[in-house]
Amino acid sequence: MSRTRVVDALKTGQAGQTVDVRGWVRTRRDSKQAFSFVELNDGSCLANLQIVIDAAVPGYADAIKHVTTGASIAIEGEIKDSPAKGQRIEVHAKLLRVLGEADPLKYPLQKKGHSMEFLREIAHLRPRTNTFGAVTRVRNAASAAIHQFFQSRGFVYIQSPVITTSDCEGAGQMFQVTTLDMHKLAASGKPVNFELDFFAKPASLTVSGQLEAEIFATSVGDCYTFGPTFRAENSNTTRHLAEFWMVEPEMPFYELTDNMALAESFIKSVIGDVLKNCEADMAFFNERIDEKHELLSTLQNILDHEFIRLPYTEAVELLRNSGQKFEYQVDWGSDLQSEHERFLTEQHFKQPVILFDYPRTLKPFYMRCNDDGKTVRAMDVLVPRVGEIIGGSQREERLDVLLERMQECHLDPATYWWYVDLRRYGTVPHSGFGLGFERLIQLVTGLGNIRDCIPFPRVPKSADF
RNA sequence: UCCUCGAUAGCUCAAUCGGUAGAGCGAGCGGCUGUUAACCGCUAGGUUCUAGGUUCGAGUCCUAGUCGAGGAGCCA
């Protein structure tokens, strides 16, 4: 007999069927003389399967002692309609095997709730909780939805390199990659000779796959990357990770307005898919994670309305005339503070906002310059709860302007020779954006801290597991 | 990196003016019960984050550090 997953047993199981179910014990409630109730979870869904084990099961008296929270068991039994409220069906065990015990004195997970901080310290066990089981399934569903969105539109999935020797876009501090012996180097007191290093030059972990994606956008067409990126910034916030996953589509012949439209339908599509495919998990987040129980309505609101499109210059005007008191003053030419962004998306519009046409001085060299000479075709998508979830732009496709901009940003075109080549040979208008995957998970799950949106968070001073 | 707060039982926390370290939950045992975040009783469980210092006496005050949380900056 093959194993039945709990999700299938609960969904389609009918009284009279014999099943083999296996998983981990969440709780056990005893009726001393008669039988025990066991809540079995195998991770296939949020809900547990209730197992009834009575004294007639071979070895009951001995085995039941080891059926404790966290233990793994295998059950052969018969599905019956449950006489009590709380579940449609239950399994009456005929055979019980304890596969792996979990010493109740030592097993760290209790029946009752734990703080998120504590669970981070036991990241190897936290997927066994309701919350992290749900996060894991939602993260999976969102990944699938992302590929589905792009694949159904003919986008090509590109694997951009994790190790790079180009200081891409200066998007942030980079983690160095080396095989040089640091102890020897430090002891020798001599300067580092990178010619002796593995790649014969300084190498780092990537901060973005965008520049590589542009190569493929200008060859195979619409494409996207979806992979890990690394920032060695000393950021200690609820919205930053040193290692995070980023989705970066890049499209030839797209102007900024096309880029915005794609970003909007992308976010809506993924949220819609997750709501549809993870109903129970999403209901759980709405009930148990979001204190106000507004998660589902917030997400539905995002689906139901068109994103606001607001030029940076108008946003500055709006903020200045809002009557709202801000800690930081709003000036044209300086970046909006998160309090300003939050005001726009959470209080003023109460829905996602796409800000665009930023001052060129605030943005990197590759963004396309507008004719006004002051702004570039940049866009940021702001969402309630999370803030900036997408950053993107139309790329500068004109060789002369690009070179001028690189000079302005004190970048050496020789370092970016291959990137410049894309403008030298058959250049086309093109656009793209980057979406922080964990921030999307934050938005969808309602979790307050991004460290709970990735299985094993890497942040300053912490990279356990 | 900066600002604020915090670290006490397995977990979540309390401990008044500097004077014998407690509770709830969890766990063990017993009872009760088609139970379901079950319920009732009993029991065990402590290097009060680390290193110094002040004091007759420090969980409590001082100094330094480590780690955590929230906010800010940077960004996705």
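I looked up Ile-163 and found it in strand β7, residues 163–164. Strands (E, at least two residues) and helices (H or I, at least four) are DSSP runs numbered from the N terminus. The model is predicted: local features need pLDDT of at least 70, side-chain atom pairs count only at pLDDT 80 or more, and totals for chains, interfaces and linings use all residues. Residues are numbered from 1 along each chain as its sequence is written, chains are lettered from A and ligands numbered from 1 in the order written, and side-chain values use heavy atoms, without hydrogens and water.

Buried means under 20%, exposed over 50%, partly exposed in between (1.4 Å probe, protein chains only).

Next I checked helix α13, residues 417–424. I found 6 of its 8 residues buried. They are Trp-418, Tyr-419, Val-420, Asp-421, Leu-422 and Arg-423. What covers these buried residues? I listed α6 (210–217), α12 (399–408) and β16 (430–436) among the cover. Just after α13, Gly-426 takes a positive phi of about 65 degrees.

Last, I took the whole of chain A. I counted 14 helices and 16 strands. The C-alpha trace spans about 85 × 60 × 45 Å along its principal axes. Buried residues make up 50% of the 465. Of the contacts (heavy atoms within 4.5 Å) with a separation of 6 or more, 66% join residues 24 or more positions apart.
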